[in-house]
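Dear colleague,

I am passing on a structure for your files. Notes on what was found in it follow below.

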Amino acid sequence: MSRPVNPPLSLTERRKAATQLDIAHAAAELFTEQGPDGTTAEEIAARAGVALRTFYRYFRNKQDAVGPLLSTGGAQWRELLAATEPGTPLPRALEAAAVASLSRPGEAAAAELRWTRGLLRAAQDDPALRAVWYRVNQESEEQLLPVVARLVGPGTDELELRLIAAAATDAIRVSLEVWAPSDAGTSGPGSPADLVVRALRNAGNRALGDRKTADSPAP
């Protein structure tokens, strides 16, 4: 089994990440209740139980505060992908990890998807919130590169690696964006996991399917 892409976090780093996620959840709650325009950084800090100076230590503005929440799914996907057995065909590995990360069991996982849905809906009328979403996806794409490089092995040029990472990241991004304004649930037809299979296979036909070492995605 492949080693994790990133080393374990220190206790200090875990505490910092936990505080950031608490603030992100507080921001998402307030954005859902009263919209980004009706929410202040002071209110987010108070809801999260931190000082305003702590808020600004981690985030530049109120929209930036939801970044850690929007990043959670991508981090889980990359972790699952990094744990893929060596020799697994790339399209199959990408699809299996994406589906697993978007269909995790339990109420907590479903709640994360619902938070993402609410934030994507709010982002339609908030350019700053959309910018955070795009930035999160750009960072995820960059962090995906070493994972993909490890899966495809040596000899793959940078252009191909970047195209694969971009296609895979966009497949998940677009799936979530299509799902968010719909009435589909967090599982079943029209769910993020259902849409991402279609998106990745479509992307595979265009960007991934020509690899000599690749196999067809799992049915």
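Which backbone oxygen lies 2.7 Å from a polar atom of the side chain of lysine 62? That oxygen belongs to proline 36. Please bear in mind that this is a predicted model.

Lysine 62 sits in the loop that runs between helix 3 (52–58) and helix 4 (67–82). Its relative accessibility is 18%, under the 20% limit, so lysine 62 counts as buried. Apart from neighbours within four places in sequence, the residues in contact with lysine 62 are Phe31, Pro36, Asp37, Thr39, Ile44 and Phe55. Between lysine 62 and glutamate 43 the C-alpha to C-alpha distance is 9.7 Å, with 19 residues of separation in sequence.

Glutamine 20 is part of helix 1 (residues 11–34). Glutamine 20 has a relative accessible area of 18% and is therefore buried as well. With residues up to four places away in sequence set aside, glutamine 20 touches Tyr58, Phe59 and Pro68.

The last item is a helix pair. The axes of helix 5 (residues 90–102) and helix 8 (residues 158–179) come within 12 Å and cross at roughly 30°. Angles under 35 degrees count as roughly parallel, so that description applies to helix 5 and helix 8. The crossing of helix 5 past helix 8 is right-handed. On the helix 5 side, Leu90, Leu94, Ala98 and Leu102 take part, and they meet Ile164, Ala168, Ile172 and Leu176 of helix 8. By class, this contact consists of eight nonpolar residues, with no polar and no charged ones.

Regards

Technical notes. Residues numbered from 1 in each chain as written. Predicted model: local features only at pLDDT ≥ 70, side-chain atom pairs only at ≥ 80, totals over all residues. Heavy atoms only, no water. Helix = DSSP H or I, 4+ residues; strand = E, 2+ residues; numbered from the N terminus. Buried < 20%, exposed > 50% of the residue type's maximum accessible area, 1.4 Å probe, protein only. Contact = heavy atoms within 4.5 Å. Polar contact = N/O pair within 3.5 Å; in protein donor to acceptor, adjacent residues only side chain to side chain. Axes fitted to C-alpha atoms, helices over the stretch in contact; angles between N-to-C directions. Parallel < 35°, antiparallel > 145°, perpendicular 65-115°, else oblique. Left-handed = near helix turned anticlockwise from the far one by under 90°. Nonpolar A, V, L, I, M, F, W, Y, C, P; charged D, E, K, R; others polar.
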